[in-house]
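Me: I've never looked at this one before. Could you walk me through it, a question at a time?

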Amino acid sequence: SAWRFAAAEDLIGAAASVLDERDAITTQAADLGLTPPPTLRTAFETGKDLEAARTEARSELVTLSAIGAAQSAIRTAPSSIEWVGLLFSAPDATLAAARTAFQAGDSAAAAADANQARSVRAEAAGAGRLRVLAGGGAILAADGAVMLVLVGRRRAKRREAARLVGAQQPVAAPEGTGQDAVQP
């Protein structure tokens, strides 16, 4: 019954913004070797308003950024200490799960996995130092225990040798008896 140009202009601006974000998603996904899921398109085409599409677009952009950061971190060659810290962890597998979740349209799981993979890689040096120190401490403790056992054995052998030598010493005859020393 009435023209609402202001409301129409707001909707056109919001739609243009979502389409711009869609283009950014397409570009970033291609740079990472990913295919964007259909979730943004579905939200854009079927939503009563554009808020769901705007939320989905922002979520996908944040997720792609997290995947890119994790991918960069993981591709960096680890130092020796980082390598020790990465033992028994699989940031590559976690990143692969993030990539799969993104393409399936689960941005929340994809972002969580990507952040986890990046975190494991970022904490690798600290974990490596702890493992080396713990391993070194265990080696020193074991070495100390072995040394104590060896020192104890050596002392026991010396005591036994001293006892045997003492038992083989000639016993002197009492003075004034005119007898020679007696062997035991």
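Me: Which residues does Thr-63 touch, not counting residues up to four places away in sequence?
Reply: Start with where Thr-63 sits, which is helix 3 (residues 51-75); helices (H or I, at least four residues) and strands (E, at least two) are DSSP runs, numbered from the N terminus. Contact here means heavy atoms within 4.5 Å. Leaving out residues up to four places away in sequence, Thr-63 touches Phe-102, Ser-107, Ala-110 and Ala-111.

Me: Before we go on, what kind of model is this?
Reply: Residues are numbered from 1 along each chain as its sequence is written, and side-chain values use heavy atoms, with hydrogens and water left out. Local features need pLDDT of at least 70, side-chain atom pairs count only at pLDDT 80 or more, and totals for chains, interfaces and linings use all residues, since this is a model that is predicted.

Me: Is Thr-63 buried or exposed?
Reply: The cut-offs are under 20% relative accessible area for buried, over 50% for exposed, and partly exposed in between (1.4 Å probe, protein chains only). Thr-63 has a relative accessible area of 1%, so this residue is buried.

Me: How far apart are the C-alpha atoms of Thr-63 and Ala-110?
Reply: Along the chain, these two are 47 residues apart.

Me: What share of the 184 residues in the chain is buried?
Reply: The accessible surface of the chain comes to about 12500 Å², and 60% of that belongs to carbon and sulfur atoms. These areas come from the Shrake-Rupley method with a 1.4 Å probe; for residues, only the protein chains shown count as cover. Of the 184 residues, the buried share is 24%.

Me: Which residues is Ala-14 in contact with, leaving aside its neighbours within four places in sequence?
Reply: Ala-14 has its place in helix 1, and at 10% relative accessibility it counts as buried. Neighbours within four places aside, Ala-14 is in contact with Leu-50 and Arg-54.

Me: Which helix gives the most to the lining of the largest pocket?
Reply: A pocket is found on a 1 Å grid over the protein atoms alone, as an open set of points where a 1.4 Å probe fits, with protein on both sides within 12 Å along at least five of seven lines; lining residues have an atom within 4 Å of a point. About 170 Å³ of space lies in the largest pocket, a volume being the space filled by probe spheres set on the points, which are joined across faces, edges and corners. Helix 1 (5-31) and helix 2 (39-46) each supply at least two lining residues. With five residues, the one that gives the most is helix 1.

Me: How many salt bridges does a search of the whole structure find?
Reply: A salt bridge is a side-chain nitrogen of Lys or Arg within 4 Å of a carboxyl oxygen of Asp or Glu. One of them joins Arg-22 and Asp-23 (3.0 Å, N to O), and another joins Glu-45 and Arg-41 (2.9 Å, N to O). The search finds four.

Me: Which helices hold Arg-121 and Glu-82?
Reply: The side chains of Arg-121 and Glu-82 meet in a salt bridge (3.5 Å, N to O). The pair links distant parts of the chain, 39 residues apart: Arg-121 is in helix 6 (residues 107-122) and Glu-82 is in helix 4 (residues 80-86).

Me: Is Phe-88 buried or exposed?
Reply: Phe-88 lies in the loop between helix 4 and helix 5 (91-103). Although not a glycine, Phe-88 has a positive phi of about 70°. Its relative accessibility is 83%, so Phe-88 counts as exposed.
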